[in-house]
Amino acid sequence: MSKHLVIVESPAKAKTIKKYLGPDYEVMASYGHVRDLVPKEGAVDPDHGFRMNYQVIDRNERHVESIVKALRKADSLLLATDPDREGEAISWHLYELLRERGVLDDKQVQRVVFYEITQRAVKEAIEHPRGLSFDLINAQQARRALDYLVGFKLSPLLWKKIKRGLSAGRVQSPALRMIVEREEEIERFQTREYWTLEADLDKSGQAFNAKLHTLDGKKLDQFDIADEATASAARNTLLSAADGKLRVARIEKKQRRRNPAPPFTTSTLQQEAVRKLGFSASRAMRVAQQLYEGIDLGAGPIGLITYMRTDSVTLAGEAIAEIRRLIEQRYGRDKLPEHPRQYKTKAKNAQEAHEAVRPTSVMRTPEEVKRHLTTDQFKLYDLIWKRTVACQMQHATLDTVSADLAAGSERHLFRASGSSVRDPGFMAVYQEGKDDAKEESDERILPPLEEGDIVKLEALRAEQHFTEPPPRYTEASLVKALEEYGIGRPSTYASIISTLQQREYVEMDSRRFIPTDIGRIVNAFLTQHFTQYVDYDFTARLEDELDEISRGEKEWVPVMEGFWSSFKEQIEEKEATVTRAEAVQSRELGIDPKSGRPVSVRMGRYGPVVQIGTKDDEEKPRFAGLPPGKKMDAVTLEEALELFKLPRELGETPEGEPVSVNIGRFGPYVKFGSRYASLKPEDDPFSIELARALELVAEKKEADANKYIRVFDEAGVQVVNGRYGPYITDGNKNARIPKDRDPKSLTLEECQALLAAAPERKGRRGVKKAAPKKKAAAPKKAAAKKSAASGGESGAGLTR
């Protein structure tokens, strides 16, 4: 019998920790959260102190039962979930469940926290346990309640006013606003023309170039040479004045230092993984989790990096000492600064007990562990290792040169700039990436120049340029912007970005975000009618209040009350006053010349549609869906009227089925009889002919013939070739086919028997219904700091 039961979130983490603790400890995984709010109205009750109604997550019920069984045989329970609000909440939820099931009587319960999964860190945490932190728990509960109330109140309003399946979120909606506002800024951007003059020069066989800086004694601004005529006149003046050569009028030489970037936080790790490795933010976090939880290097699993959810850039003294030893051994004493570099955390609520993301030991070099890692794991570990080592290295020293070269008199000056690396310092190991970085002129190498030198003018080029709009957001630049505004937390950015893509609010083009029509409409509705709740400052202030709750500086219920009262009123008011036509951004395009009725474009239940007429007309309106790729705000009257030429009747199949072509919610298609075949990207529904349509019909019939093994039309039962092999379906249930049976020989009676024995499809989100007795009681405001969000003093029995 194990004396102590240790609970962590994941089996990988459990396996790593078990190796360090010995036979007196049993280590088990909760597999993440064990409880969540009921997935329906009423999970958070604002009328009773924001009481929260939880249910066991169905998929984790068996893990909870295993923990219950193991705990009956143990003397004590150690809750060792992650060292943040989410981890604290998981420990508390598990504690509550175990208490309700009566297995905590006479058991010592302690909370242990570590920031790296190494033998030293785990054993030290076991030796210094604490109680549950209700400040952290209440902050997490308040965040969960806020997100629930926003989602469960605002999302149904979007369904009612715009279309079903939409969602709004406390952090998701401001992030969408950023993307839409950037797109609108790009669309409003007025391109301006400007010209530059560049001299191609030669000094003793070494080519370089210089840009016109001063013309007729005046220093040039960007738009001083605004057209070809002005550029041509300036070029002629300069060629005449230069007479084939330029003279070095002035030389300015400087040395400058470049310091290394601080070690990684969650946010900067995500940004660099996107820029340098081509990862998504979610992929970076998933791989970091694997490195944190433990990799088997041959003698059992060990955590390779510290906890990857952190706002801190500080490093432990022992880590800095080890990094400095490695730098001296590997790169030489001259690459080591005299004193360790100290970095100050700028995040408002960063807990200094947390460290930056770093290797648990820099002595485990990437080359040494590479054979034990997947490709993604190696790439990310290599990135973290290099950034960590570089942050404690000597600065880089750059020699910079700026030369002014005169064409004739010094009334006409060209400037050449360049730099060279005198001492690479930390740059020998790592350089931080940039968003939308352009080649900088001062990175060029110039030939040796002295004042009075004459250089040959090989050519003088007048070049046309146009100003460019601001770039669209990448994942890296969006994460950076969210962090700068103080919106959300870095640990949530990956899920926010995923949600925006899943809801089809944004698309990716060349790894950059473009808002879709539905994304624009949702953003317009929210910014117009719920301005405060997508305001960047408001969202950041609310985040600050959650931080204050986590530090014990505020109670969570008053914060919730301050948010809820005005939010509820606004929901009710907008539900009553905003029309659906207003919400879906209906836009009139003009008049249909045939009927004289108005033509408009708007968001329909299944996507953007063009409409002829209105609901108030005697004749019903006509509708046509916009083809994929056509934007609502870009469609013209002529393009809209073209859509009403569909459906086009093309003829018949050889079997006599009528063939037509149209555009539906999933794109353009051919209809033959009562069946459908999608058009290929190269097919145009307005010009496709019968012969091509019949080719698509034949392909579809062949695919269907291969898909359906047997069809019992009278019973609505089919034997189908699926992705993972043949199966039986009646549209409601699916049934496996016994391995010893040939699917082609199955009878209807056999199929019906197998369907009857098949399990029912699982319900929504796999959340198990809780017994009525287990509803949480409402906490008293005065006790809000001690009681967690679903109430009670149930944590009081923990060892403090």
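Colleague: How do H6 and H13 stand to each other: roughly parallel or oblique?
Modeller: The axes of helix H6 (residues 172-188) and helix H13 (residues 475-485) come within 11 Å and cross at roughly 120 degrees. Helices are DSSP runs of H or I with at least four residues, strands are runs of E with at least two, and both are numbered from the N terminus; axes are lines fitted to C-alpha atoms, for helices over the stretch in contact, with angles from 0 to 180 degrees between N-to-C directions. Under 35 degrees counts as roughly parallel, over 145 as roughly antiparallel, 65 to 115 as roughly perpendicular, and the rest as oblique. So H6 and H13 are oblique.

Colleague: What pLDDT do local features need here?
Modeller: Residues are numbered from 1 along each chain as its sequence is written, and side-chain values use heavy atoms, with hydrogens and water left out. This is a predicted model, where totals for chains, interfaces and linings use all residues, side-chain atom pairs count only at pLDDT 80 or more, and local features need pLDDT of at least 70.

Colleague: Which residues of H13 touch H6?
Modeller: Contact means heavy atoms within 4.5 Å. On the H6 side you'll find Ala175, Met178 and Ile179, and they meet, on H13, Leu478, Ala481, Leu482 and Tyr485.

Colleague: And H13 with H14, at what angle do they cross?
Modeller: Helix H14 covers residues 490-502, and its axis comes within 11 Å of the H13 axis.

Colleague: How many charged residues sit in the contact of H13 with H14?
Modeller: H13 brings Glu475, Leu478, Val479, Leu482 and Glu483, while H14 brings Pro490, Tyr493 and Ile497. Asp, Glu, Lys and Arg count as charged, Ala, Val, Leu, Ile, Met, Phe, Trp, Tyr, Cys and Pro as nonpolar, and the others, Gly among them, as polar. That gives 6 nonpolar residues, no polar ones, and charged residues numbering 2.
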